Amino acid sequence: MAEGAHVVIIGGGAIGTSIAYHLARAGCSDVILVEQDTVGAATTSKAAGGIRAQFATETEVWFSLRSIEFFNRFRDEMGTDCSYRQVGYLYLLTSPELVEEHRRRISLQNRLGVPSRLISAEDVLEIVPEIRVDDVLAAAWCPTDGYASPHEVVQAYVAQARRRGVRILEGVRVSGLEVADGRVRAVLTPSGRLEADHVVNAAGPWAGQVTAMAGLTVPIMPRRRHIFVTDSFPWIRHPTPLVADLGSGFYFRSDPVRVLMSPGDEGVVPDFEATVDWSVLPELVEKAVRRVPAFERAAIKTAWAGLRPLTPDGRAILGRAPGFENFWLAIGFCGHGFQHSPAAGLVMAELILKGTAPVDLTVLSPERFQSQPAPA
């Protein structure tokens, strides 16, 4: 008898491992997860760990609220700690257009139960006194946003999935998909052929390569983002919320007495290169010191780089692949995969096992990109 499972998941980051966990928790333990490296070692391990409800669509806010509920009960459900802290998210708005956009977003968020609000530049200084605000028109603030440890979360998904019988294959690269009559019949690897009733593409930045194996094109554009970490930094108040300067792309937060900071995204990275490029440091320093003059004292201790799998509209692609009965996409989370992984795992498990989702997925539908060409 050929090796296989009811569900084969491709990709062992936060999304793939959450799907494995939620399938097993729902009673489907006949699952194989295939990861080309070690679970959680690629994009998820490079995440800043942010968790927020300040999104622009009702579906994404639903994902955030369900995920925040999960992180609040994480210790009880998963049996371990994930360093979840609700320290807030603060978006600095430096143009009238950004103010109006976030005014609309906050109206939606409030209607759905998110305690976000628009605050003045003077209010910003009450939260983070060290920030320069002479060009800040307003800020979007939500005190219940925060962060957690991506490593601890992924390892908990894996441990709980394995306890329930899920098989995790690490160091196994997918080399092809066997397709016939609108179905993916098997996942092909150098180690052998894995038959499946359902196949899930949760391959993060490599998701476009996996869909191409099935003859599909999805517009996944990996962009590199650096995070630089200071030594212990006592010259700002701790804990500091995640502060994002939407005008420049710069953001920072406490960790918990150090500071994590990033200059923002680089261009598309077609070769999937995610090593640290130290030539980016001067750009970071310029943006950081301009926004927080005290950062002139910062000593950078370490750094890492990761890939954000972006889509043209900045939203994930979630659902059944166009033209297939059993090929599912959970991809293109645009850097939000870690924080939305609890809800994504729940939604994908219900789609696969029940055929329905607990939320309207129209804005995340794979069909919305069917007519678009692959990115260059």
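**Local geometry in questions**

Me: Which helix holds Glu152?
Reply: Helices here are DSSP runs of H or I with at least four residues, strands are runs of E with at least two, and both are numbered from the N terminus. Glu152 falls in the run of residues 150-163, which is helix α6.

Me: What pLDDT do local features need in this model?
Reply: Residues are numbered from 1 along each chain as its sequence is written, and side-chain values use heavy atoms, with hydrogens and water left out. This is a predicted model: totals for chains, interfaces and linings use all residues, side-chain atom pairs count only at pLDDT 80 or more, and local features need pLDDT of at least 70.

Me: Is Glu152 buried, partly exposed or exposed?
Reply: Buried means under 20% relative accessible area, exposed over 50%, and partly exposed in between (1.4 Å probe, protein chains only). Glu152 has a relative accessibility of 31%, so Glu152 is partly exposed.

Me: How many Å separate the C-alpha atoms of Glu152 and Cys82?
Reply: Beyond four places in sequence, Glu152 is in contact (heavy atoms within 4.5 Å) with Phe74, Asp81 and Cys82. Glu152 and Cys82 are 70 residues apart along the chain, yet their C-alpha atoms are separated by 5.2 Å.

Me: How many disulfides does the structure hold, and how far from Cys82 is the nearest cysteine sulfur?
Reply: A disulfide is a pair of cysteine sulfur atoms within 2.5 Å. The structure holds 0 disulfides. Cys82 is in none, and the nearest cysteine sulfur, that of Cys142, lies at 18 Å.

Me: Which backbone oxygen lies 2.7 Å from the side chain of Thr59?
Reply: Thr59 sits in helix α2, residues 58-72. Thr59 is buried at a relative accessible area of 7%. Beyond four places in sequence, Thr59 touches Val359, Asp360, Leu361, Val363 and Leu364. A polar atom of the Thr59 side chain lies 2.7 Å from the backbone oxygen of Asp360.

Me: Are α2 and α9 roughly parallel or roughly perpendicular?
Reply: Axes are lines fitted to C-alpha atoms, for helices over the stretch in contact, and angles run from 0 to 180 degrees between N-to-C directions. Under 35 degrees counts as roughly parallel, over 145 as roughly antiparallel, 65 to 115 as roughly perpendicular and the rest as oblique. α2 and α9 (residues 337-354) pack at about 95°, with their axes 8 Å apart. The two helices α2 and α9 are therefore roughly perpendicular.

Me: Where is Trp304?
Reply: Trp304 is partly exposed, with a relative accessible area of 23%. Its contacts beyond four places in sequence include Lys46, Arg225, Leu260 and Val276. Residues 300-310 hold Trp304, and they form strand β17.

Me: Is His102 buried or exposed?
Reply: His102 is found in helix α4, residues 96-111. Beyond four places in sequence, His102 is in contact with Tyr91, Leu93, Ala140 and Leu246. With a relative accessible area of 5%, His102 is buried.

Me: What omega does the peptide bond from His238 to Pro239 have?
Reply: Most peptide bonds are trans. Pro239 lies in the loop between β12 (221-230) and β13 (242-245). The bond from His238 to Pro239 is cis, with omega near -5°.

Me: What is the phi of Cys334?
Reply: Cys334 lies in the loop between β19 (327-331) and α9. Cys334 is buried at a relative accessible area of 2%. Cys334 is not a glycine, but its phi is positive, about 60°.

Technical notes: Polar contact = N/O pair within 3.5 Å; in protein donor to acceptor, adjacent residues only side chain to side chain.
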